[in-house]
Amino acid sequence: MQIYHLPALETNYFWLLQPDADRRDAYIFDPGDAAPVIDALKRYNLTLAGIVLTHHHWDHTDGIDALLEHHSIPVYGPISKRIPQVTHPLTEGDSLDLGSTRWSILATPGHTLDHIVYYCANTQHATQPSGVLIAGDTIFAGGCGRMFEGTPEMFLQSLNKIAQLPNDTVLYCSHEYTLANLAFAQAVEPNNPDIAQRLTRERRKREQKMPTLPSSIGLELATNPFVRCQQPTVINSANSKSGQVQTTPADVFAVLRAWKNDFPAN
Ligand SMILES: [Zn+2]
């Protein structure tokens, strides 16, 4: 499989999947705008075969109607009253075949209640043995989405589901927020050398106008505070920030999420 990155809107990436090298069929994940998708289809000589959605926010869905004007194709997405265009609703435990690739659906409520993510174990591709996760706004490189609709318990459970995937799983998130996220990660864990090294590497990529994505599960486990809520350094930091002893990982997560909301963007 090939996954093309389409920078779009202010900070979004739309991911364009070509499942099979010998076919021109492609699937767009989370098209918040149609124009970059139409451009990319032309540039890579691909035919749009379907639209795939993680959640209802406008920057993931606003391009759907314009794309459907030109293509009679299925729209896969969560069971959600807020995305009327979905023709094939999906929920936890479902699987979805896109070309020769098979994707498992994981429900990951927290950022929104309708959020789902797409995991392909990808074992049939000998040249690219790692699995792939299309994660929307649940997890970001070095961070996670804002908690608009869920509870800390719910969001943490969703992140734990993702954290349990194999370490070499390639992680495609929907926003380029990595430098701001890692600056926050460093505030939480000032002495974590993996965060410092990653920040240097990712800064270099951004200076060259390259995306910092995809990431991997292993890299997030080492550097992303939101999947490190059981690490003593992260717990201590949440305790100092809140002035209270946090007793559960969800409490730690809640402190981090509120702290990040007020953290300067750069
Ligand atoms: Zn969102």
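Student: To get my bearings, how many helices and strands does the protein chain have? And then, which residues are the protein donors of the zinc ion?

Tutor: Keep in mind that this is a predicted model. The protein chain has 9 helices and 14 strands. Its radius of gyration is 18 Å, close to the 18 Å that the globule rule gives for 266 residues, so the chain is as compact as a globular protein of that length. Of those 266 residues, 54% count as buried.

Now for the zinc ion. Its protein donors are His55 through NE2, His57 through ND1, His111 through NE2 and Asp137 through OD, and they sit 2.1 to 2.3 Å from the metal. The angles among the 4 donor atoms run from 89 to 168°, and the site is irregular. For four tetrahedral donors, the ideal angle at a metal would be 109.5 degrees.

Take His57 and Asp137, a pair that links distant parts of the chain, 80 residues apart. His57 is in the loop between β4 (47–52) and α2 (58–61), while Asp137 belongs to the loop between β10 (132–136) and β11 (139–140). Are these two buried or exposed? His57 counts as buried because its relative accessibility is 16%, under the 20% cut-off. Asp137 is buried too, with a relative accessible area of 3%.

Methods:
Residues are numbered from 1 along each chain as its sequence is written. This is a predicted model: local features need pLDDT of at least 70, side-chain atom pairs count only at pLDDT 80 or more; totals for chains, interfaces and linings use all residues. Side-chain values use heavy atoms; hydrogens and water are left out. Donors are N, O and S atoms within 2.8 Å of the metal (3.2 Å for Na, K and Ca); water is not among the atoms, so sites may look incomplete. Four donors count as tetrahedral if all angles lie between 85 and 135 degrees; four count as square planar and six as octahedral if opposite donors are over 155 degrees apart and all others between 65 and 115; anything else is irregular. Helices (H or I, at least four residues) and strands (E, at least two) are DSSP runs, numbered from the N terminus. Buried means under 20% relative accessible area, exposed over 50%, partly exposed in between (1.4 Å probe, protein chains only). The radius of gyration is taken over C-alpha atoms; the globule rule is 2.2 Å times the number of residues to the power 0.38.
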